[in-house]
Amino acid sequence: MLARSSLRATRAFGAARTGATRNAQRNASTQSSSGNAAGWKENTLLTSSTALAIGSVAWYYYQFGRPAHAMTPAEEGLHATAYPWEHEKLIKTFDHGALRRGFQVYREVCSSCHSLSRIPYRTVVGTMMTTDEAKALAEENEYDTEPNDEGEIEKRPGKLSDYIPAPYKNDEAARAANNGALPPDLSLIVKARHGGCNYIFSLLTGYPEEPPAGAVVQSGLNFNPYFPGTGIAMARVLYDGLVEYDDGTAATTSQMAKDVVEFLNWTAEPEMDQRKRMGWKVMAVGSVLFALSVWVKRHRWSTIKTRHMSYQAPASGNRTPYPGQMHRR
Amino acid sequence: MAGFLANFYGQIVKRNTTFLASIFIGAFATELAFETGANGIWDQINKGRQWKDIKQRYMEADE
Amino acid sequence: MSLTQAASTLVRHSARQPLPALRHASAASVQQQRRHRADASTSHAQFKSPFHRGQQDSPDTTVIPSFKKYRGGSETGNKMFSYFMVGAFGGLSAMGAKDTVQNFLVNMSASADVLAQAKVEVDLAAIPEGKNVIIKWRGKPVFIRHRTSDEIKEAEGTDWQKLRDPQPDSARVKKPEWLIMLGVCTHLGCVPIGESGDFGGWFCPCHGSHYDISGRARKGPAPLNLEVPEYDFPEETNLIIG
């Protein structure tokens with residue numbers, strides 16, 4: 001690689017050198033006084049310094065400039081297809097109906113292995129559920145109370161301020177139950193994975209019927225081309241008709257995957273609707289403000305910019321004028 | 001038009017206090033109008049996607 | 001077909017190569033321009049300023065040229081336009097400044113999770129008449145007393161104007177049968193004991209402060225009555241503190 005790049009570099013120098021020589025000759029011919037004796041020295045100096053400069057840049061790029069890939073493409077996983085997510089457009093909110101369906105998919109499918117530890121029940125009120133629905137949902141779970149007078153910790157039904165409970169007590173329990181693989185927490189998973197929504201959608205819907213010929217799949221793992229390393233502990237979970245949506249949407253695999261991905265994007269960015277709404281307002285006011293500020297600046301400076309300063313040298317003699325001699329008539 | 005402008009100038013702009021006061025009142029009114037208008041446009045663009053558009057379905061189902 | 005082709009070729013050709021006479025003329029003009037430019041840079045050509053009148057050796061600098069062509073509209077109209085632009089700029093800036101300050105203030109106030117935990121819901125149906133219940137709210141004990149009618153009568157009948165911290169019973173309760181207050185002694189912060197003390201209310205064991213059945217300081221070092229938190233009855237048998 002180095003040899004090849006340096007070869008290419010020398011070829012480039014060759015071109016540069018002939019150009020330089022021609023230039024130098026042209027210069028020499030125009031300058032009648034300079035002799036030809038110093039010409040080859042100058043040429044050599046010019047050529048060698050150019051070669052040194054280009055060569056050091058090439059060497060530096062070769063050493064430090066090339067991208068370093070830690071993994072092979074198979075280890076990286078197949079690049080996820082870019083889907084036209086409606087909620088990722090600049091002026092679109094989440095589809096809250098989809099959020100509600102996605103939450104249902106999470107509760108009925110994902111939550112048996114994956115926690116959602118950063119989402120309290122109060123946040124789904126007013127985004128995808130009514131207060132009563134969320135309360136009923138929270139009360140299905142039990143939480144520890146504060147220690148009572150005897151120091152005992154009792155159980156109480158959940159409240160809106162409680163967080164969605166994790167399926168396992170701790171990471172060790174989760175690993176033990178899942179063949180040593182830890183199901184990641186899903187609260188921020190859309191932000192935490194390269195490719196975001198596209199990756200998770202591709203992963204959920206990308207399980208082939210059976211692994212392609214020649215693929216090595218360890219026992220206990222499943223083949224998914226989108227997962228880095230292709231061997232994923234999670235099996236395919238979404239099948240047509242797995243859940244029954246209360247708004248009558250047909251629960252196909254891709255529909256469920258889309259809904260749950262949008263829901264997971266909401267858990268990662270619950271402020272997105274507000275952010276986009278505010279962003280557009282700020283851009284609108286800000287652009288008007290910018291235009292006005294340009295106008296006001298020109299207005300304020302117009303008296304200064306159009307000022308005319310005039311200096312008339314004194315008529316008498318050839319003395320060098322200096323400012324003290326400025327005068328008006 | 002010119003008469004109106006001259007009147008407006010004499011009444012409001014000439015005195016700094018009234019000019020400043022009218023600027024702040026105007027800013028307040030502009031903010032109200034802008035917020036209402038911008039939110040209206042936003043809701044129009046996102047019609048049917050926000051919770052307030054679909055909650056009616058589930059509120060009724062509760063009762 | 002071939003004729004038109006030939007003609008078009010001819011036309012194109014002639015267009016690309018202008019007639020010799022034309023070429024000559026354009027070259028001459030270029031040369032002329034060049035010479036002219038050279039003259040301007042080498043000889044000291046005179047600069048005719050619009051501010052000057054008179055001869056080179058006796059210039060008159062007091063001339064003000066006409067700016068009439070830059071002037072447009074009426075004076076009031078122009079003035080109003082300038083003032084409007086400046087005013088709109090200031091107004092929009094004020095709007096932005098106000099929103100910035102507001103956002104900072106909102107950011108500094110209690111966050112949603114704190115607010116969510118700052119409220120405690122209590123089911124009052126589980127508290128029988130004449131009983132005390134202590135619950136924890138924001139890390140402090142809260143006394144909830146279901147008062148009997150005798151106790152209500154006693155609390156309301158007290159000559160409250162002469163107390164250390166004069167307060168009528170009606171200012172301390174929303175419903176007379178429910179007394180809700182923070183269980184922190186106003187003296188040094190101990191937790192008073194219920195259903196004890198000289199006035200049938202609370203007694204602080206630390207320094208011997210006595211509170212009556214309305215939680216008012218009656219005896220001992222306590223300077224103030226027991227504090228009443230914010231609370232509300234959304235339903236008949238439901239209490240929300242906070």
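In the predicted model, C:C204 is buried, with a relative accessible area of 2%. C:C204 takes part in no disulfide, and the nearest cysteine sulfur, that of C:C185, lies 3.7 Å away. C:C185 is likewise a buried residue, its relative accessible area being 4%. A disulfide requires sulfur atoms within 2.5 Å; at 3.7 Å from C:C204, the sulfur of C:C185 is therefore too far from its closest cysteine sulfur for a bond.

Over all chains, the count of disulfides comes to one. This link joins C:C190 and C:C206, with the two sulfur atoms 1.9 Å apart. The angle about the S-S bond is -105 degrees, and the link of C:C190 and C:C206 is left-handed. Distant parts of the chain are connected by this pair, whose members stand 16 residues apart. C:C190 belongs to the loop between β6 (178-182) and β7 (193-194) of chain C, whereas C:C206 belongs to the loop between β8 (200-204) and β9 (209-212) of chain C. With a relative accessible area of 18%, C:C190 is buried. C:C206, with a value of 39%, is partly exposed.

The contact of chain B with chain A was examined next. In this interface, 18 residues of chain B are in contact with 27 residues of chain A. The size of an interface is often given as the accessible area lost when the parts come together. For chain B and chain A, the area buried between them is about 1800 Å², and carbon and sulfur atoms account for 59% of it. Three residues, B:W42, B:R49 and B:W51, supply 45% of the area that chain B buries against chain A, more than any other three residues.

Polar and charged pairs also occur across the interface. Two salt bridges are counted between chain B and chain A. One salt bridge is formed by the side chains of B:D43 and A:R277, at 3.5 Å from N to O. Nine residue pairs are in polar contact across the interface of chain B and chain A, both residues of each pair having pLDDT 80 or more. On the side of chain B that touches chain A, α2 (16-45) and α3 (51-62) of chain B each supply at least two residues. The residues on this side of chain B comprise eight nonpolar, four polar and six charged.

Notes:
Residues numbered from 1 in each chain as written. Chains lettered and ligands numbered in written order. Predicted model: local features only at pLDDT ≥ 70, side-chain atom pairs only at ≥ 80, totals over all residues. Heavy atoms only, no water. Contact = heavy atoms within 4.5 Å. Buried area = accessible area lost by both parts, 1.4 Å probe. Salt bridge = Lys/Arg side-chain N within 4 Å of Asp/Glu carboxyl O. Polar contact = N/O pair within 3.5 Å; in protein donor to acceptor, adjacent residues only side chain to side chain. Helix = DSSP H or I, 4+ residues; strand = E, 2+ residues; numbered from the N terminus. Nonpolar A, V, L, I, M, F, W, Y, C, P; charged D, E, K, R; others polar. Buried < 20%, exposed > 50% of the residue type's maximum accessible area, 1.4 Å probe, protein only.
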